Amino acid sequence: MAAGVIAFASKACVVEDIWSKVDVSVANVNAQRAAGIVGRIAGALTINRCRYSGTASAPSFVAGGIIAFPPVSGTKITNCLFDGHIAKTSSYSGGIVGYN
């Protein structure tokens with residue numbers, strides 16, 4: 001898993017006022033997820049006023065511009081902008097959310 005700001009967090013968190021331009025990619029097929037801001041969160045998540053302008057690439061599974069793999073419930077994404085690029089993935093990809 002790779003992300004521009006947070007790869008993985010095991011508890012609830014709030015991410016605000018981030019602008020990431022870094023290119024994020026995973027080459028190992030076991031890594032599975034790439035995202036511009038957040039890879040995966042196990043708890044409730046709020047993302048507000050964030051922007052991603054780089055390239056997210058996960059050739060084996062999920063790529064997301066803002067978040068790759070949000071929690072099942074408790075996710076709130078507001079006022080976010082994706083103006084980057086998602087490289088071709090074999091499964092799931094999205095400008096804001098890769099897989100939900």
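**Basis.** I am working with a predicted model, in which local features need pLDDT of at least 70 and side-chain atom pairs count only at pLDDT 80 or more, while totals for chains, interfaces and linings use all residues. I number residues from 1 along each chain as its sequence is written, and side-chain values use heavy atoms, with hydrogens and water left out.

**Whole chain.** I looked up the secondary structure and found 0 helices and 16 strands, where helices (H or I, at least four residues) and strands (E, at least two) are DSSP runs numbered from the N terminus. The C-alpha atoms fill a box of roughly 30 × 25 × 15 Å along the principal axes. Buried residues make up 41% of the 100 residues, with buried meaning under 20% relative accessible area, exposed over 50% and partly exposed in between (1.4 Å probe, protein chains only). Of the contacts (heavy atoms within 4.5 Å) with a separation of 6 or more, 77% are between residues 24 or more positions apart.

**Sheet of 3 strands.** I then followed an open sheet with the order β2-β7-β12 and parallel pairing, two strands being paired if DSSP finds at least two bridges between them. Its edge strands are β2 and β12, each pairing on one side only. Neighbouring strands of this sheet are turned by 20° against each other on average, direction ignored; the axes are lines fitted to C-alpha atoms, and angles run from 0 to 180 degrees between N-to-C directions. Strand β2 (residues 6-9) is joined to β7 (residues 38-41) by 3 bridges, and Ala 9 has Ile 41 as its bridge partner in β7. On to β12 (residues 67-69), β7 is joined by 2 bridges; here Val 38 stands opposite Ile 67, and Arg 40 stands opposite Phe 69.

**Sheet of 4 strands.** A further open sheet has the order β1-β6-β11-β16, also with parallel pairing. Since β1 (2-3) and β16 (92-94) each have a single partner strand, one side of each is left without a neighbour in the sheet. I find 3 bridges between β11 (residues 62-64) and β16, with Ala 63 opposite Ser 93.

**Core.** Which residues touch the most other members of the largest nonpolar core? They are Val 15, Ile 37, Val 38, Leu 45 and Ile 47, in a core of 21 residues; such a core is a set of buried Ala, Val, Leu, Ile, Met, Phe, Trp, Tyr and Cys residues joined through side-chain atoms within 4.5 Å. Two or more residues come from each of β3 (13-16), β7 and β8 (45-48). Leaving aside neighbours within four places in sequence, Ile 47 is in contact with residues including Val 15, Val 38, Ile 67 and Ile 77.

**Asn 48.** Beyond four places in sequence, the contacts of Asn 48 include Val 15, Glu 16, Asp 17 and Cys 80.
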